[in-house]
Amino acid sequence: MFRVAIIDDEKNVRIVLKKLLNILYTNCEIVAEAASIKDAKAILPQAKPDIVLLDIELEDGSGFSLLKQLPNLDFKLIFITAFNQYAIKAFKFNALDYLLKPIDPSELQNAIDKAQKSVSNENELRKLIADIENKKNSQIVIKTTNKIHYINLVDILYCQAEGAYAKIITKTETILASKNLKYFQDLLEDEGFIRTHQSYMVNKKLVTAIKNDTIILSNALAIPISSRKMAEIKALLAED
Amino acid sequence: MKQINYIGLLIILFCFTYCKNSTPENIQSDEDFIAFLNDETLIKSIKRIDSIAKLNTYSNHKTGLLYFEKGQILGHLEKDIEAIASFKKALVAFEKESNKKYIAKTNMLLGDSEAFLSNNEKALQHIEKALSIFKDIEDKKGEAKALNSLGHIAFQYENYKKSIAYVKKAAEIQLQIDEKEELSASYNNIGYILEQSGDLINASEYYQKAIDLNKNINRLNSSPLRNLGYVFFMQNQFKKCDSLYLKALKIEEEAGRLSIQKEIYGVLLESAIKNKSFDAATLYITKRDSINERLVTSENKEKIKLIEDQYNLITKEKELIQAKKNNTKNKLIFTILAGTLLFLGLFLIQKHRNSKLKLEQEKLVLEQKVLRTQMNPHFIFNALTAIQKTIFDNDPIKSTSYLSRFAKLIRQNFEFVNKKEILLSEDLDALKNYIETQQLRFSNKFDYAINIHDGIDPTFVKIPPMLLQPFVENAIEHGLKPKTEKGTLEINITNNSNVFCFKIIDDGIGINNQESKTNREHAIDIFKKRLSLRKLGEEKQFSMTSNKVKTGTIVTFYLNLS
């Protein structure tokens, strides 16, 4: 048996989640339901859930502020949101699982399965929440099959497409992530990364020169530039 | 635009015909053409002829006439070298035309000019040629003239015999064709040549002939009188001399030629002295001196007039230059002014266009914002979840109708947002859809009512779309949703002629107790902007107050609807 708590201000969402979980899992017990921070704070510590399904928008505040107010975070988290672009970006940055309304049964199942297998790390979670609240994206979390990588953005030299996957090349290591280059482009474009080529995206801060059709990075690596993008890239680099 | 084209066409047509009329090619007679060539003064005439020659191409005849006239004018100005050049051009043209009369005339004038320059050989050639042509075409007048000229040249060579022969021949012709004035002149000339050759008797005879002829035709010419008088003077026949000179004096006094009068008095004085008639001499001296004085005065007058004329000319020229300068100055000022105005105009147009564009853009942005507030994604996804929930109720008819209603709501939103105005009934229909979708979401947590005043026909009145919706959404999301008990939402629409009053009343938790205020303020901001674009001042009458009777909020606004 695993214990699930549902914190959402929409009654319909709570009903749908309960019904879906009952259909998908036979060993699932809904131990708590709340629509507000106030109610959730009161119920959660006694309910001791394994997994909390938490909406970002609650009646009396945000889901993040509830987490900050809880004494213990000894559960796995799955966020829920109807439409909160900022929160969604934060989830992606931190490789957190989240569900979008209306709930897709397979996404729910995926998220629950992953949560059951993972190990909760309270400290990490608290740091993440703090970062999200402060709107700081200094770090990106990349989960691979066997490891969670916490990578500082300043350490990333470039990203390279690898079929449906992407390689993240830092000063010390190369990580193969299970997301494509477009996924990282969406995330990192606002953080000073430039897509120079169909297969490459570089960290603008580490560019030292443009030579012929390549960008020279601080470690003397040459990254190709597609001729179509030459002018655009030169303009972008000239901005600083 | 078309009219302007017509006017332009007319002007062009007018100019064309006008220009055509003034084209010299159309001037038919030689006299008209020569009159056309001439200007106020000789110098101006030459300039005019030059510019005409430059701008037009003419027939040989007209070209000939042009240079013929120019040569004559140059001759008058004593610019004989240039005159000869012009006459030669005229001659070429007339020769091309084979116009014998003008070839002869031109040769005559060439001869005169050459003679003036003492090129007697050349002069002789031209005049002989002219003579042969005049003879050929039986132009007697011309022939006589040519003979006279030949006589003059022979006289220059001191070949008096030959000279007399020519002039006599001329006189013969003149007698034939009854040219009395010219004949008189010829007789006088013959007399003069004879006098120079020493044949005073024959000279006197011809002078007398001239005098008689002049008398006959009342020609006021004192020349033969004086000439004959002088012959008598030289022969010491003072009485005869005096009588002739006094006759001459009478003529000259009539004609007012002072210089000749002076000369006459000079001869009379000498004659009186030689005759020892001193009383007469004193009289002539006084007379001569008075004439001299008059002559000097008149000469001075003429000189002064000349100076005055020159002064006037210079001032006129100066004025002209000044006017030209002023003109350029004015032109410059005008150009600058016009330029400035044009620039200003363009600037204003651009500004207007920009402001218009800005307004358009503002409207577009506003439209988008309206759409976003109406189609609050949060509402959309939560509403979809509500529909999702009904699916678990195993009532497919109900679920499907909810879904359809939601689709209709979205469709209405997309449809209305671009419209300036829609029917009140359409707007209220969309609003009902919205409220009922919200009711589904909150499982009938509130009841609602829309009350329209009896006098209002919602299928006739038009309003800007979806003005009410943001306040209804506010009432539901922030007033009624957090409320624990069942609430009510009331929309009242009343009117006082064209002014419509809209009230959205809820009994929710009230504005002071609501969590987030930014969304609401944002919505109000957009609402007010939309009203301000209508420029009726309606945005100033908006109010949002707490319900004083029970909890909740009242939103009131007025619209001026025609």
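Which residue of chain B forms a salt bridge with A:E10, and how far apart are the closest N and O atoms?

1. The partner is B:R441, with the closest N and O atoms 2.2 Å apart. A salt bridge here is a side-chain nitrogen of Lys or Arg within 4 Å of a carboxyl oxygen of Asp or Glu. Three salt bridges are counted between chain A and chain B.

2. A word on the basis: this is a predicted model, where local features need pLDDT of at least 70, side-chain atom pairs count only at pLDDT 80 or more, and totals for chains, interfaces and linings use all residues. Residues are numbered from 1 along each chain as its sequence is written, chains are lettered from A and ligands numbered from 1 in the order in which they are written, and side-chain values use heavy atoms, with hydrogens and water left out.

3. Now the interface as a whole. Chain A and chain B bury about 1,700 Å² between them, and 60% of this lies on carbon and sulfur atoms; buried area is the accessible area (1.4 Å probe) that two parts lose on being put together, summed over both. A:E10, A:N12 and A:F83 supply 33% of the area that chain A buries against chain B, more than any other three residues.

4. The contact (heavy atoms within 4.5 Å) takes 18 residues from chain A and 17 residues from chain B.

5. Finally, a look inside chain B. B:Q438 is buried, at a relative accessible area of 0%; buried means under 20% (1.4 Å probe, protein chains only). Leaving aside neighbours within four places in sequence, B:Q438 is in contact with B:F379, B:F446, B:I476 and B:E477.

Definitions and conventions. Buried < 20%, exposed > 50% of the residue type's maximum accessible area, 1.4 Å probe, protein only.
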